[in-house]
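Let's take a walk through this protein together, one stop at a time.

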Amino acid sequence: MKIKLSFVLFFILSVSIKPQSIYEPVDLNKVESSLEEMGKMWTFDAVPVDYFESEYGFKPDGEWIEDVMKSALQFGNGCSGAFVSEDGLIMTNHHCARGYLTRLSPEGKDYLRDGYYAETPKDELKIDGLFVDQLTAVYNVTDEIIGAMNQGANDSIKIEIKKNKIAELEKKYSEETGLLCKVVELYHGGKYSLYAYKRYNDIRLVMSPDFQIASTGWDWDNFTYPRYELDFMFLRAYEKDKPVKSKNFFRFSKRGAGENEPVFVIGRPGSTRRLLPVSRLTFLRDKVYPYYLSMFNEVYKVYYDLFRTRPEEQSSLLNAVMSWGNARKSYAGRLLALKDPLIMKKKEDFERKFKSAVINNAELNNKYGHVWDAIEKLTNEQYKYADELAAFTIYPFIKSVYFEMAEKVITYAEQMKLPEEERLPEYRNEKPEDILRKIYPQNIDTLLQRKLVKAHINYVTGILENNHPLTLKIYKGKPGDEALAHVMSSTYFRDRTSFEKLVSLSPDEILSSDDPFISFIINTRDKLSALRRKVNEIDTSLEVLLGQLGRAAYEVYGDRIPPDATLTLRITDGRIKGYEYNGTIAPPKTTFFGIYDRWNSFGRKDYPWGLHERWRTIPDSLDLAIPVGFASTNDIVGGNSGSSVININREVVGLVHDGNLESLAGDFIFLESNNRAVATDSWGLMESLKYVFKTRRLVKELETGTAE
């Protein structure tokens, strides 16, 4: 692999995620797959009640299922949540809405650092731009969509028909129900459901803890367990300036749940790829994930370096540091899973069994027997384009302001070459110099932009290396800091004085310029456009083939396996349970003792296991033996952040905020032996509200289910 990873990521990728005990070596020749490894993310129209009864001695009825479904919520940013009182009180993770806290903070206040609590209803702060959706009904529209697609003569037409049919159904159901209706593709097109949502647009902040207790350990503890943090936030939904009245909500358990007790996570997992054939997983391993990982690692270093050197901006930079740290660790874990021989053996065995079931059935073989070879052929074609497609694409989050200016300057030059009547309106009847001068920003954060330039250089040269025609032309074959120095000394965009020289050039001189940013775009855009056309054609055919694969899986296995996660509400079952890791055993639950042990063990430093001032003196009433977090065998992935963990009585016993490092393999396979959901314990959460944050009004509402 050409990409060079940082020391931290190298360390992560060197960790084994074998699900077996270290005392039981794995014979790869004897590895077999099982359907249980396809996970437990059940849709609410196919809850396996008989399985729940046999596994847990509990068979939920229709009323239980509907109430649980309608108590849950999902945010537009991908997180989950739930109503926890009849007066619209919402519980989610702190990290799901912490990005709003800085803008809500008035002069002299820092709600991200110090937290916030609304002492009275009038103190609840409206959060502009935040909304939640409540799933109210699910309709099966499979026959309508697949029936329409079958009328298409080729793959492109089939996909176009599908898009049009989905739009038609969403419009029809939205008009009939007055709800927000969306079609969800399950089993990669084997099944289609229409989800009807009620949206709440007026969301207000009720209580937020301090950042440090919500993210104890920062990125070092992210995707790890044992874990010691209280990652929660309380909001409230309003309608017509009054709190929402909801008959569907989760009450709080007084003491949470015990070890091995059955629990259910109710929330929205982001996406999984468990039905993908091995050829696609290999492509992700070889090309897609290494490139994403490299890019996210470079961007993380940009913002972490700024965070360390600009203490006055730490609150505004903190979200970037945490978000990019989460992204790079997430992709590191996924790549680790795809490099694990045992996991790949299991995926190969599942595919062999699945393929055999299709081929040995004449009807299924006629419809789907060709799918695997066709997908592999297209994937092999995609390998040819992956490197340059990734390197030539300038992704927004690694894009410096200099590239933005270069794009505008190129557009200007091309417009100026046209007769005035053929130009875009903004390029007519104005002095060319004035148009150009408007392109240069009033203020540029030079340090940030130079770091982004270097990050982009490292990303591109990591893929193409220094002997590629593009890197030779733009960076003169130089690495890292040398390439950065060359680029910044050669560009017209480095300062306003240099930019004035560009203003004096003719359109042809601009377009043929050796400016590295202009030259990069000019020398890649035609090739990039051609690459995208080819890859889009491949992706269209793959979409059809993966749909056929999904329908084959549904015909072979039915609801015995849940569909891949699709950013939609699921219920997943499990038990609170520890597991083997690093040669020892992780406890099912962690306690407040651990918070103080971590703080003291790391010398009471502010970063990353520091404690806010309010936590440093232990309240007399706070029992440190009370659980603060737990691990469970529930099947979750990214997107489940903010999901409530409930017991069979529909009571909140926890709040999911993460999975362990081993759970990142859950993108492709669910291995219950060591895949764990990580949650804040409801008991510890309530104790913190009582004795540390002293939020009497909120505590009373959670205890009674009703606001004062």
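Start where helix 26 begins: there, a side-chain oxygen of D681 comes to within 2.9 Å of the backbone nitrogen of W683. Bear in mind that you're looking at a predicted model. The helix itself covers residues 682–691, and because 7 of its 10 residues are buried, it is largely enclosed by the rest of the structure. The buried ones are S682, G684, L685, M686, E687, S688 and L689.

Leaving out residues up to four places away in sequence, Y303 touches L317, A320, V321, W324 and L448. C181 counts as buried because its relative accessibility is 4%, against a cut-off of under 20%.

I266 stands opposite I571 in strand 14. Strand 13 (residues 262–267) and strand 14 run antiparallel, with 6 bridges joining them. Strand 14, residues 570–575, is mostly covered, since 5 of its 6 residues are buried. As a reminder, side chains in a regular strand alternate between the two faces of the sheet.

Is S541 buried or exposed? It counts as buried, because its relative accessibility is 18% and the cut-off is under 20%. Beyond its neighbours within four places in sequence, S541 is in contact with D155 and L378.

Last stop: the cysteines. How many disulfides does a search of the whole structure find? It finds 1. This disulfide joins C79 to C96, with an S to S distance of 2.1 Å. The pair links distant parts of the chain, 17 residues apart: C79 is in the loop between strand 1 (72–75) and strand 2 (80–83), while C96 belongs to helix 4 (residues 94–97). The torsion about the S-S bond is about -85°, so the disulfide is left-handed. Both C79 and C96 are buried.

Methods:
Residues numbered from 1 in each chain as written. Predicted model: local features only at pLDDT ≥ 70, side-chain atom pairs only at ≥ 80, totals over all residues. Heavy atoms only, no water. Buried < 20%, exposed > 50% of the residue type's maximum accessible area, 1.4 Å probe, protein only. Helix = DSSP H or I, 4+ residues; strand = E, 2+ residues; numbered from the N terminus. Pairing = 2+ DSSP bridges. Contact = heavy atoms within 4.5 Å. Polar contact = N/O pair within 3.5 Å; in protein donor to acceptor, adjacent residues only side chain to side chain. Disulfide = S-S within 2.5 Å.
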